[in-house]
Amino acid sequence: MAEDFSKQNEKSETTKDFDRKIVIEDDRTGLDIKTLKRAFMDNLFYVQARFPAVASKNDYYLALSYTVRDRLLKHWINTARTYFKKRSRTVCYLSAEFLTGPHLGNNLISLGIYDRIQQAVDELGLDLDELLEQEEDPGLGNGGLGRLAACYLDSMATLEVPSIGYGIRYEFGIFDQEFHDGWQVEVTDKWLRLGNPWEIARPEVSFDVKLGGRTEASYDEDGDYRVKWIPDRVVKGIAYDTPILGYKVNTANMLRLWKAEACESFDFQAFNVGDYYGSVHEKMYSENITKVLYPNDEQISGKELRLEQQYFFVSCSLQDMIRIHLQSAEHLDNFHEKYAAQLNDTHPAIAVAELMRLLVDEHGMEWDAAWDITRKTFAYTNHTLLPEALEKWPVGMLSRILPRHMEIIYEINSRFLEQVSDAFPGDMARLARMSMIEETGERYVRMANLACAGSHAVNGVAALHTELLKKYVMRDFYELWPEKFSNKTNGVTPRRWILLSNPGITRLINENIGEGWAKDLYRLKDLEALVGDSEFCEQWQQVKNKNKQNLATYIQTHCNISIDSASMFDVLVKRIHEYKRQHLSLLHIVALYNRIRKDPSMDITPRTFIFGGKAAPGYFMAKLIIKMINSVGDVVNSDPDVAGRLKVVFIPDFNVTLGQRIYPAADLSEQISVAGKEASGTGNMKFAMNGALTIGTLDGANVEIREQVGAENFFLFGLTVDDVHDIKSRGYNPKSYCDNDSELKEAFDTIASGIFSNNDTGLFKPVLDSLLYDDPFMVMADFRSYVECQELVSQAFLDRETWTRMSILNTSRMGKFSSDRSIQDYCRDIWHVDPISIQIKEYRQIDLGKIPSKKSLII
């Protein structure tokens, strides 16, 4: 018996030793396949309250997202803890848009667990691609401005730069685009309707935002002049946070968006007397501020709402920055040392006046000290050369909505003009140009002038753009403060736009040069050594062909148009605007169609023209151009004489998700704005990174892309900036180009004949008349050069070996256009912010102990 007990005890001890070696992963952070599957099912059960037999695809998507978010949060918590302890200098990126795109796939890439999740989901009998497609594009932006902001957040996190993105939590995006009889129809973008697992509501982080009313001036007990703002309306801003994870680092920064709510959402008194609408009126009125991205501002009410939106998010953000700063500092004298605040275009420019109000009125600071802090805090990025895009607000409207800010702007302007007058005595015309108040006709507040005066740095977003700013748009400010101006060429994140969008090319690159290029895009230069490797070139072509086949399948499913994936995919996707010249491409299509009609047997390089992009709801001409493209497509695609050699497709509802399909599949990237109008562009970079060749003008970042990839790998056409100015100075006559170019005239006559408009000869007359008698963006002057350049494109495409070589070289030479490089430039030259490495302290229940009983700090 004793012997048996001894053996049993020995076995017991052995079991204990074995047990001590067992490591059981935490379900919220573990990465073992079994752990991931268990966590997924737990989230389906405990968060979604579903079991598989009744779960929807959205339930599965949410369960997976929460599983991934759990693994992300330890990065976020440790990042916040580190920043707080080190009192790190922080970049605050203020932007009215953050076009982030779906989060799930990007977070899988950044965490380095894409393959593990793929395996876990497969073993559960689900399709990861279907779950990824379930996620809505967040309706937080419209175009390049918002997508740039999102790329910069990604790069700041990847480079371990302490940062916060501040913006608006729009309940509805700009709109979903549908086509009815070829016309754009705007449908409400209900992107939040099925839930957003990536955001975390912070109701305890809230601020009152005043609107309207009047001001009262007085002197305090020390004899100092003070102003009190007595508003007639107050709304509350509530924070919603989204973690932004860096690529394969421990840093997870924060995107903080503000939602507007009523201070008192329900009026019992009104309800009790039967005024049921009145009982919730304040709630509806307040929440309108963050209801929709970019309300139509053709009417005064729309303009007022846009101004309220911009001020609302700026005020909340600055109050939040002050709150965070005062948690670890006793005063605001060094506020500018804690924060580097970047104004992403003029939308947040009212921040200059708001910070002055907060410092002077709310915190009792003297004017000169407050102005010094304000200027040292802000930097301003200009994104446009179009005068109409430089925001101006009617003085009467701004005075009515923000009476105190109007007073502050007057005071800033008065002191600023004294400085200008001292620098340029007697130059009254210069004073009038530089004043923050436009005095001709109705008086306006010039927000770009306010941003320039209230910032310590001003930058353009491409080398040409910056030079044109200094030479034309902001020449007066440059001559006053040349040291303020610098160029920071835009960039895009290769994590979303190559790794996530183009897994085939990612694998091929990794197999040949390693994986380091994803964080140092200049390493793609190593691909140049492979352009003579026939096997590698063949594999490159195979990846491109697969991407094209995938896009062709999507087009067949969503547009009901069958296209040949072997044809050249000629792609123009961007916001629809006359200066982007989609109608120039359309005239080329009509010219090609006319050639085929004359000679149906002619030899022509097969092309599929792919368009995408939205027109502003109130922009009639842009919407008519969309109708033209669809109408031309209807005729060309159904003409048996064309025999599939030409196809025209307008894919509706272009967004980030669709971009991830299109950029990797493109053969030719159309970047055809007239020289001197596009600030930079970023689509041009995404196309080239994915191996598309560019046909373009010397506009925006095209200039630098051509310099990097080589003139021989870029199809250049069109007037230069100097050409444009020269022609316009001599008197531009667009009709003369039509009169002297038979093919152009024939294209006009074909459109005017009604062949594309069911014999309605007047339908497209506004577009044709604008081109013939006005043509502000010089479509007519560039047509012949464009068509001739397209002939060179057609010839080059037929030589598959040469085309593939050019494609590889385009990708290999795109290192400059990573947003990582852009952010490094900002950090070095403007923000003066250093990276902070984050060390992960693993969450373990055994370490919890007793929660410290000290004042809670809310980050």
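**Aromatic pairs and their surroundings**

Modeller: The structure, which is a predicted model, holds 27 aromatic pairs. In one of them, the ring centres of phenylalanine 179 and phenylalanine 650 are 5.0 Å apart and the planes stand at 85 degrees; an angle over 60 counts as edge-to-face, so this pair is edge-to-face. Phenylalanine 179 belongs to strand 3 (residues 176-180) and phenylalanine 650 to strand 19 (residues 646-650), so the pair ties together parts that lie 471 residues apart in sequence. Phenylalanine 179 has a relative accessible area of 21% and is partly exposed, whereas phenylalanine 650, at 5%, is buried.

Another pair consists of tryptophan 229 and tyrosine 311, with 6.4 Å from centre to centre and 50 degrees between the planes, and this pair is tilted. It too links distant parts of the chain: tryptophan 229 is in strand 7 (residues 225-230) and tyrosine 311 in helix 11, 82 residues apart. Tryptophan 229 and tyrosine 311 are both buried.

Ile409 lies in helix 16 (residues 403-423), where it is one of the buried residues. Others buried in helix 16 include Pro403, Ile408, Ile412, Phe416 and Val420, together with Arg404, His405 and Asn413. The geometry of helix 16 can be checked: its 21 residues at 1.5 Å a residue should span 30 Å, and the end C-alpha atoms are 31 Å apart, which agrees.

Aromatic rings also meet charged groups. The charged end of arginine 430 sits over the ring of phenylalanine 424, 3.9 Å from the ring centre. Arginine 375 has its charged end over the ring of tryptophan 481, 5.1 Å from the centre.

Phenylalanine 650 leads on to a sheet through its strand. Six strands form an open sheet in the order 19-18-17-20-21-22, with parallel pairing. Strand 19, which carries phenylalanine 650, is an edge strand, as is strand 22 (715-716), and each pairs on one side only. Further in, strand 17 (residues 568-573) and strand 20 (residues 668-671) pair in the parallel sense over two bridges. Leucine 668 in strand 20 is the bridge partner of aspartate 570.

Alanine 701 is buried, with a relative accessible area of 0%. Not counting residues up to four places away in sequence, alanine 701 touches Ala462, Ala679, Ser680, Gly681, Asn684 and Met685.

Methods
Residues numbered from 1 in each chain as written. Predicted model: local features only at pLDDT ≥ 70, side-chain atom pairs only at ≥ 80, totals over all residues. Heavy atoms only, no water. Phe/Tyr/Trp six-rings, centres within 6.5 Å; stacked < 30°, edge-to-face > 60°. Helix = DSSP H or I, 4+ residues; strand = E, 2+ residues; numbered from the N terminus. Buried < 20%, exposed > 50% of the residue type's maximum accessible area, 1.4 Å probe, protein only. Lys NZ or Arg CZ within 6 Å of the ring centre and 35° of its normal. Expected span 1.5 Å × (residues − 1). Pairing = 2+ DSSP bridges. Contact = heavy atoms within 4.5 Å.
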